[in-house]
Amino acid sequence: MSAINLADKLSQFSEHWSPKIVGQFNGHDLMVVKVEGEFVWHSHPDTDDLFLVLKGEVDIEMRDRTVTLREGEMFVVPKGVEHRPVARAEAHLMLIEPAGTPNTGDAETAVVKEML
């Protein structure tokens with residue numbers, strides 16, 4: 001057991017929209033991800049989706065409204081709600097979700113998450 005330095009983990013990769021697992025907690029993956037541009041519209045039928053902004057700003061678009069998150073802010077998208085994260089410039093996020101949850105809501109189109 002040792003401390004996890006999120007800035008150090010984020011410095012180890014450059015690709016966007018490809019979450020990296022940095023730890024696990026009660027069956028959940030603790031992940032960091034770099035984002036820029038628009039992600040795909042998607043939903044998660046069985047789990048909420050937590051976004052915590054570490055750096056930058058991210059809009060969480062939903063069909064009926066948009067929530068803007070700045071550094072240090074977080075938002076939970078309830079399960080089943082269609083949403084799309086959008087970052088106008090590169091932003092860094094922490095995500096927490098049940099292990100194995102596909103980032104697109106569909107295992108066939110999801111990226112394979114790797115451990116850092």
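A cavity is a set of points, on a 1 Å grid over the protein atoms alone, where a 1.4 Å probe fits but cannot get out. Lining residues have an atom within 4 Å of a point. Grid points are joined across faces, edges and corners, and a volume is the space filled by probe spheres set on the points.

The model examined here is predicted: local features need pLDDT of at least 70, side-chain atom pairs count only at pLDDT 80 or more, and totals for chains, interfaces and linings use all residues. Residues are numbered from 1 along each chain as its sequence is written, and side-chain values use heavy atoms, with hydrogens and water left out.

One cavity of 30 Å³ or more is present in the structure. The volume of the largest cavity is about 130 Å³. Its lining is made up of 14 residues, of which Trp17, Phe39, Phe51, Leu95 and Asn103 are the closest to the centre. Strands (E, at least two residues) are DSSP runs, numbered from the N terminus. The most is given by S7, with four residues. By class, the lining has nine nonpolar, three polar and two charged residues. Here Ala, Val, Leu, Ile, Met, Phe, Trp, Tyr, Cys and Pro count as nonpolar, Asp, Glu, Lys and Arg as charged, and the others, Gly among them, as polar.

Attention now turns to Lys20. This residue lies in strand S1 (residues 20-25). Lys20 counts as buried because its relative accessibility is 2%. The classes are buried under 20% relative accessible area, exposed over 50%, and partly exposed in between (1.4 Å probe, protein chains only). Leaving aside residues up to four places away in sequence, Lys20 touches Phe13, Glu15, Leu30, Met31, Val32, Glu114 and Leu116. Such a contact means heavy atoms within 4.5 Å.

Charged pairs were examined next. Side chains of opposite charge can pair when their charged atoms come close. A salt bridge is a side-chain nitrogen of Lys or Arg within 4 Å of a carboxyl oxygen of Asp or Glu. By this rule there are eight salt bridges.

Lys20 takes part in a salt bridge with Glu15 (2.6 Å, N to O). Glu15 is partly exposed, with a relative accessible area of 34%. Lys20 also forms a salt bridge with Glu114, where the closest N and O atoms are 3.8 Å apart. This second pair links distant parts of the chain, with Glu114 in strand S8 (residues 114-115) and Lys20 in strand S1, 94 residues apart. The C-alpha atoms of Lys20 and Glu114 are separated by 5.4 Å. Glu114 is partly exposed, at a relative accessible area of 43%.

Another salt bridge joins Asp59 and Arg88, with the closest N and O atoms 2.8 Å apart. This pair also links distant parts of the chain: Asp59 is in strand S4 (residues 57-62) and Arg88 in strand S7, 29 residues apart. Asp59 counts as buried, at 8% relative accessibility. Arg88, in contrast, is exposed, with a relative accessible area of 65%. Salt bridges that share partners join Glu15, Lys20 and Glu114 into one network.

Definitions and conventions
On a 1 Å grid over the protein atoms alone, a cavity is a set of points where a 1.4 Å probe fits but cannot get out, and a pocket is an open set with protein on both sides within 12 Å along at least five of seven lines; lining residues have an atom within 4 Å of a point.
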